[in-house]
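Please keep the model open while reading.

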Amino acid sequence: MKKIVARYFYVPICPESFASLDRLRNLFLKYKEQVDFESFNVFDCKFESLYSWFPNEEEIIESVRENGTSPLLFGKLFIQGNEIKGFPPSKKFISNALREHGISFEEEDYKFDYGAITKERLKYDIDKFQIKKYDGKLLRDSCIICTKYNPYLDEKSYLPENWAKYEQLKRSFLKENLEKGSLVGYIEYYNDEPVGFIEAFPLEISRMLGFPISSKSTNGVMITCLSVRQEMSGYGVASRLIEYLEEEVKNRKYESIEVLSFPDEHNWQPKSLYEKKGYKKVKEIKELCIMKKEL
């Protein structure tokens, strides 16, 4: 039986991208007689493989090299060149892809059990909100919004020892860029608990992280992540974080801010939020669009 190829492309700005990498490594190790697995941290920009690239993978590579328009965002898995839906990659679609190639997939081999969790909106006192600019001591707080307070995980199931190494990997990348002056970030707290964060990198770094940028871009930054805890949604956290970021970006003499926005039903980087903040659509990418604000 001829081996098939599975490839995972990921970026170092999300704990989940690292967690998914470990899950996939463990999965495909069990199928090593039938599947060759390769992984690529796209920020390193080293795309060396034992095998030829499939067209869908070449689109990702070309986007990172500024010649394509296929956004990577945080992590994508391909099996024989076909993209596996979901981030993290869906168990159902991995199973379907392997079975199409005659590989008997065992559900328990891929430990991934996220499910939608409904979290009640918290009551709040506006005077207890506080926004802080990123520094080395606060970086973990941005991580746990995506891990401990993940909208698809029960907070009670969060075990620090299970996530510590993934949080540390992201923090290392952020800290390095913070020290270089190539990262702008803010965290909002409520009663000293982190409730939301925003991060932005210069456009050249954003492109290397797999984010498509406007062809008209010059001296600007891109918002690579804006995340607010589900139970604090609707209290203006996202709007305030954008405003603080914009002020800091102006102070650093950047000329524009870009963001890859999603349709409102995704409830992540929604187009309507940025429209309200004065961002204009400059480029469409399938159902997504790059929005830009001149400063």
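Asp-192 sits in the loop between β6 and β7. Helices and strands here are DSSP runs, numbered from the N terminus: H or I of at least four residues for helices, E of at least two for strands. Phi of Asp-192 is near 70°, a positive value in a residue that is not glycine. Asp-192 counts as exposed because its relative accessibility is 63%. The cut-offs are these: buried is under 20% relative accessible area, exposed is over 50%, and partly exposed lies in between, with a 1.4 Å probe and protein chains only.

Lys-253 also has a positive phi, about 70°, and is not a glycine. Its loop runs between α7 (237–251) and β9 (256–261). Lys-253 is exposed, at 65% relative accessibility. The peptide bond from Phe-87 to Pro-88 is cis, with omega near 5°. Pro-88 belongs to the loop between β4 (82–84) and α3. For context, most residues other than glycine have a negative phi, and most peptide bonds are trans.

## Model and conventions

The model is predicted: local features need pLDDT of at least 70, side-chain atom pairs count only at pLDDT 80 or more, and totals for chains, interfaces and linings use all residues. Residues are numbered from 1 along each chain as its sequence is written, and side-chain values use heavy atoms, with hydrogens and water left out.

## Helix α5 and its partners

Two packed helices are described by the angle between their axes and the distance between the axes. Axes are lines fitted to C-alpha atoms, for helices over the stretch in contact, and angles run from 0 to 180 degrees between N-to-C directions. Helix α1 (residues 15–29) packs on helix α5 (residues 160–180) at about 130°, with the axes 8 Å apart. That makes α1 oblique to α5. Angles under 35 degrees count as roughly parallel, over 145 as roughly antiparallel, 65 to 115 as roughly perpendicular, and the rest as oblique. The crossing of α1 and α5 is right-handed, meaning that the near helix is turned clockwise from the far one by less than a right angle. On the α1 side, the contact uses Pro-15, Glu-16, Phe-18, Ala-19, Asp-22 and Arg-23. On the α5 side, it uses Trp-163, Lys-165, Tyr-166, Glu-167, Leu-169 and Lys-170. Contact means heavy atoms within 4.5 Å. The α1 and α5 contact residues divide into six nonpolar, no polar and six charged. Here Ala, Val, Leu, Ile, Met, Phe, Trp, Tyr, Cys and Pro count as nonpolar, Asp, Glu, Lys and Arg as charged, and the others, Gly among them, as polar.

α4 packs on α5 too, at about 135° with axes 9 Å apart. The two are therefore oblique to each other. Their crossing is right-handed. From α4 come Leu-139, Arg-140, Ser-142, Cys-143 and Ile-144. From α5 come Glu-167, Lys-170, Arg-171, Leu-174, Lys-175 and Leu-178. The α4 and α5 contact residues split into five nonpolar, one polar and five charged.

## Nonpolar cores

Which residues of the largest nonpolar core touch the most other members? Phe-9, Ile-13, Phe-74, Phe-201 and Leu-209 do, out of 38 residues. A nonpolar core is a set of buried Ala, Val, Leu, Ile, Met, Phe, Trp, Tyr and Cys residues joined through side-chain atoms within 4.5 Å. Elements giving two or more residues to this core include α2 (55–64), α4 (139–146), α5 and β7 (193–202). Beyond four places in sequence, the contacts of Phe-9 include Phe-40, Trp-53, Ile-60, Leu-72 and Phe-74. Another core lies apart from this one, with 29 residues, among them Leu-21, Val-35, Ile-79 and Leu-98.

## Individual sites

Asp-109 lies in the loop between α3 (91–100) and β5 (129–133). Asp-109 is buried, at 16% relative accessibility. Leaving aside neighbours within four places in sequence, Asp-109 contacts Leu-27, Lys-30 and Tyr-31.

Ser-52 lies in the loop between β2 (35–41) and α2. Ser-52 is exposed, at 62% relative accessible area. Ser-52 and Val-5 are 47 residues apart in sequence and 9.8 Å apart in space, C-alpha to C-alpha.

Glu-294 is in strand β11. Glu-294 is exposed, at 56% relative accessibility. Its contacts beyond four places in sequence are Glu-255 and Ser-256. Glu-294 and Phe-54 are 240 residues apart along the chain, and their C-alpha atoms are separated by 38 Å.
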